[in-house]
Amino acid sequence: KRPSPRLKRALAESPKSNSKVEPPKTKKSKQNAKAKQKPKPKAKAKVTRTVLERTATKPLIDVSDLKVPFLRVVSANVAGFRSVLCNDLKKGAFQNLVDRLSPDILCIQEHKLQHSHVNDLDEDLKSIVPDYQCYWSCSGPPAKKGYSGVACFVKIKSIECVEQKAFNTVLDLSSLEPMPNSKTDRKNGSLKSMWNKKSSALGNENEKENNSKRIKLLNVTRGLGKAHEYDSIATNEGRVITMEFEHMYVVNAYVPNSGQDLKRLEYRTENWDKKFGQYLKSLEKMKPVVLIGDMNVAHRTEDLHNFYSRPEFPNLPMSLEAYTGVKQLLKQAGCTLVERESFSSLLDLGFVDTFRFFNPEAQGCFTYWSMRANNRPANRGLRLDYCIASRNLCVDVDAYGDNKKKSKPGIYVGDSFILDDLDQFPSFSDHCPVGCTIVGN
């Protein structure tokens, strides 16, 4: 239809506009507009993750009640020590660990510091560990700088330390003398004399103030000894510190991770693990060994949270059959079958996983949780950190009772613990601390 004369006059008198006049919306056009609108996506339902229960484990020895000498060793992967010291919450959590346990030896791994950075931390360290002597091993050329690295903080009140300048690069095992061949001498003489109050050994808490009662730290070395000095990873990546005492070695280790896409898997299992085992056994020929640190392997079925959903858990074999339904673990560093079997071979050399010695059936006891996956609230972790000891240091002392005819060992591992209680030990890393107490008779 043509517009009427009245409509023409109205349009002529109205002000001109560039905007187009939209026709009035009809009922049909409103329905079409609604149809074109995209439907709103439904809100995703929140998935509640089942928290894996943690078995109660043997408590720490109350050292305040001990009437015999002791030495407490604690280890923690700090995942970058500078990030711990520069963050008030993390720094406070680390300070809490030192204050609560007052370890005689505190070992850390993955500090990621260069040698040039260590001196810059003096002031921060004096506020956190004021009564400790520090020994550092850092990654350096030809290895990557600011990578891996281990350190040992030794309490001066408990231990008579060697000077930093006496910190040797590697240990020449050929210059050491083996312990007595006689088992009787080894048990009742040499080992026991380390804790004899008449010697310069470590006493109880009241005696620690007396310097004459301190245990003597004879030597501190880096690497896996001269026999493996040619191995760049073992020598230059700051992986191992060995502390030699009169009748015992304490080894702090950060074992190489097999890496993304398992690029280092072959080196880890065919080179490092075998050389490391040889090194520990060569030390053990001289004195018993306590090995502590991040071993970067989840050994038993109970040490991997992924296996807990399997119907056969915990009775899963150490074989590929156990990986049914969780085959992604075969590509995950620290969880592969070949790494777990290699760790078994290390223990078969005569060493004991002390945590399992005291807690053989414990479940849900992990030391590492992925922060990216936010796994700690649900306790979905891995047990990667260990305290390993020579077999003759692991004895059931309770079996001796009051039988005076049985001669107790001179020194032994009195407890082994995982400090995963966030109320008592707040987190400063994606790992939690572990440790053990070495007790004298």
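**A tour of the aromatic rings**

Select Arg 100 and Phe 425: the charged end of Arg 100 sits over the ring of Phe 425, 5.7 Å from its centre. A charge sits over a ring if NZ of Lys or CZ of Arg is within 6 Å of the ring centre and within 35 degrees of the ring normal. This is a predicted model, where local features need pLDDT of at least 70, side-chain atom pairs count only at pLDDT 80 or more, and totals for chains, interfaces and linings use all residues. Residues are numbered from 1 along each chain as its sequence is written, and side-chain values use heavy atoms, with hydrogens and water left out.

Next, select Lys 287 and Tyr 249. Lys 287 lies over the face of Tyr 249, 5.2 Å from the ring centre.

Now the ring pairs. The structure holds 11 aromatic pairs (rings of Phe, Tyr and Trp, the last by its six-membered ring, with centres within 6.5 Å; planes under 30 degrees apart are stacked, over 60 edge-to-face, the rest tilted). Select Trp 136 and Phe 153: this pair is edge-to-face, at 5.7 Å centre to centre and 70° between the planes. Trp 136 is in strand S3 (residues 132-137) and Phe 153 in strand S4 (residues 150-155), 17 residues apart. Strands (E, at least two residues) and helices (H or I, at least four) are DSSP runs, numbered from the N terminus. Both Trp 136 and Phe 153 are buried (under 20% relative accessible area, 1.4 Å probe, protein chains only).

Technical notes:
Buried < 20%, exposed > 50% of the residue type's maximum accessible area, 1.4 Å probe, protein only.
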